[in-house]
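Keep the structure in view while reading.

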Amino acid sequence: MQPQDASRENKRAHIAFVVTEDWFFASHFLPMARAAVAAGHPVSVVTRVRAHRDVIAATGARVVELEAERSSLNPMAAGYAAGQLAAILKALQADIVHCIALRGILVGGAAAVLAGIPSRVYALTGLGLIGARQDRTGRLARAALRLLIRGPLETARTRYLFENPDDARLLGLDPESPRVTIIGGAGIDPEAWVPKPLPPQGPLRIVLTARMLWSKGVDTAVEAARLARAEGANLDLSLYGAPDPSNRRAIPEATLRDWSRDGITWHGATGDVAAALSQAHVACLPSRGGEGLPRALLEAAASGRAILTTDVPGCRTLVRDGIEGLVVPPDDPHALAAAMVRLAADPALVARMGAAARTRIVEGGFTEAAVTGRVLRLYADLA
């Protein structure tokens, strides 16, 4: 082998992450960038830059700015962004384009086509409202996405990352296919999220940590807490999170303030989710669907808290009913209230479920190490 051939063989593939918002990459995917850099890959993160450039760059990745509006799937806007991105990918000489979330896949996949880069990772982090809707419009939208993603945006060297097997099936893929990798969400560091002792017995303290969106079922949690209290259950509900101004499903602040009464408190955004969890017995996320695998559930489980959630993709991937928590139908405040009443009456069950949730994280493939290990093997396969 000639020296230049050996050099080419030893060269690590340049990974270009495509993600719409820098805050989303910073909150979920820094470990992937850090692991890729540690493995010797040149890494670039192409995103709309706001306040998180430095924290992304601290991983060793290069941050490249691309203005693209996350909340819009307008074909003309997406096409313009894809053209800009294709030029960026060519300039970077990217070898693998790792597209994150639905819009990232649509824009990044189109850009990879234009740039002539066949090696692609499509990481679907949930289908949002498209995945949650069960009416004809939802079914048609999912069919259109399948035709697009599995059609002109797919190559023989396209690989798929999912956070739950349900989303793979929605795209017409077998979760067991060698082209599909199921990972434990974004993963979580169990050393950074250490269980604290449960608060003293008294009212059952329930916490919901999430962006304040209707899709997260925050209103269902509020109604369920009121129903449970009306039945005599001794509990309170704390909401931590802010509305996302760029998301059409954001709950108005006036509504959140109005909910803050009778044992329910909206605290606004918090920079210390671990502290909020340490003050609670139970974590609640009654999502309406469209989730990949919510980080809020990973954080709660790693913190050793029992979980109340809904029977939707992602949530049911982590939480098994009766083991790590209780799983109820979505959009059913009466069922959620009954689950709250049950946990309020059984502190021992709450403690057992919290311990089981922690074990699920450590042993079930939901750690950062498990997730980044699978992603690095995927890169090695493509390279």
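This is a predicted model: local features need pLDDT of at least 70, side-chain atom pairs count only at pLDDT 80 or more; totals for chains, interfaces and linings use all residues.

One of the pairings joins strand β4 (residues 96-100) to β5, in the parallel sense and over 4 bridges. Here I100 stands opposite A123, a residue in β5.

## Helices on this sheet

The length of α17 can be checked against a simple expectation. At 1.5 Å a residue, its 15 residues should span 21 Å, and the end C-alpha atoms are 21 Å apart, which agrees. Which residues of α17 are buried? They are V371, T372, G373, V375, L378, Y379 and L382. The cover over the buried residues of α17 includes β1, α3 (30-38), β4, β5, β6 and β7.

## A residue in an edge strand

T181 belongs to strand β7. Is T181 buried or exposed? T181 has a relative accessible area of 8%, and the cut-off for buried is under 20%, so T181 counts as buried. Leaving aside neighbours within four places in sequence, T181 is in contact with Y160, L161, F162, R374 and L378.

## Aromatic pairs

A pair of aromatic rings is described by the distance of the centres and the angle of the planes. The structure holds 7 aromatic pairs. In one of them, Y122 and Y160 are edge-to-face, at 5.9 Å centre to centre and with 70 degrees between the planes. Y122 is in strand β5 (residues 120-124) and Y160 in strand β6 (residues 158-162), so this pair ties together parts that are 38 residues apart in sequence. Both Y122 and Y160 are buried.

Y160 forms a further pair with F162. These two rings are stacked, with 6.1 Å from centre to centre and 10 degrees between the planes. The relative accessible area is 1% for Y160 and 0% for F162. Elsewhere, F17, W23, F24, F25 and F29 form one aromatic cluster.

## The six-stranded sheet

Another open sheet consists of 6 strands in the order β10-β9-β8-β11-β12-β13, again with parallel pairing. Its edge strands are β10 and β13, and each pairs on one side only.

Strand β9 (residues 235-240) runs parallel to β10 and is joined to it by 3 bridges. The bridge partner of S238 in β10 is T265. Helix α16 (residues 347-363) packs on this sheet and touches β8, β11, β12 and β13. Its direction makes about 85 degrees with that of β12. Helix α15 lies across β8 (204-209), β9, β11 (282-285), β12 (306-310) and β13, and runs at about 165 degrees to β13.

## Residues in loops

Most residues other than glycine have a negative phi. Where does D262, with its positive phi of about 55 degrees, lie? D262 is found in the loop between α11 (253-259) and β10 (264-266). D331 also has a positive phi, near 60 degrees, and is a residue other than glycine. The loop that holds D331 is between β13 (325-328) and α15 (333-344). With a relative accessible area of 47%, D331 is partly exposed.

A51 is in the loop between β2 (43-48) and α4 (53-57). A relative accessible area of 66% makes A51 exposed. A51 and D22 are 29 residues apart in sequence, while their C-alpha atoms are 7.5 Å apart in space.

Technical notes. Residues are numbered from 1 along each chain as its sequence is written. Side-chain values use heavy atoms; hydrogens and water are left out. Rings of Phe, Tyr and Trp (its six-membered ring) pair if their centres lie within 6.5 Å; planes under 30 degrees apart count as stacked, over 60 as edge-to-face and the rest as tilted. Helices (H or I, at least four residues) and strands (E, at least two) are DSSP runs, numbered from the N terminus. Buried means under 20% relative accessible area, exposed over 50%, partly exposed in between (1.4 Å probe, protein chains only). Two strands pair if DSSP finds at least two bridges between them. The expected span of a helix is 1.5 Å times one less than its number of residues. Contact means heavy atoms within 4.5 Å. Axes are lines fitted to C-alpha atoms, for helices over the stretch in contact, and angles run from 0 to 180 degrees between N-to-C directions.
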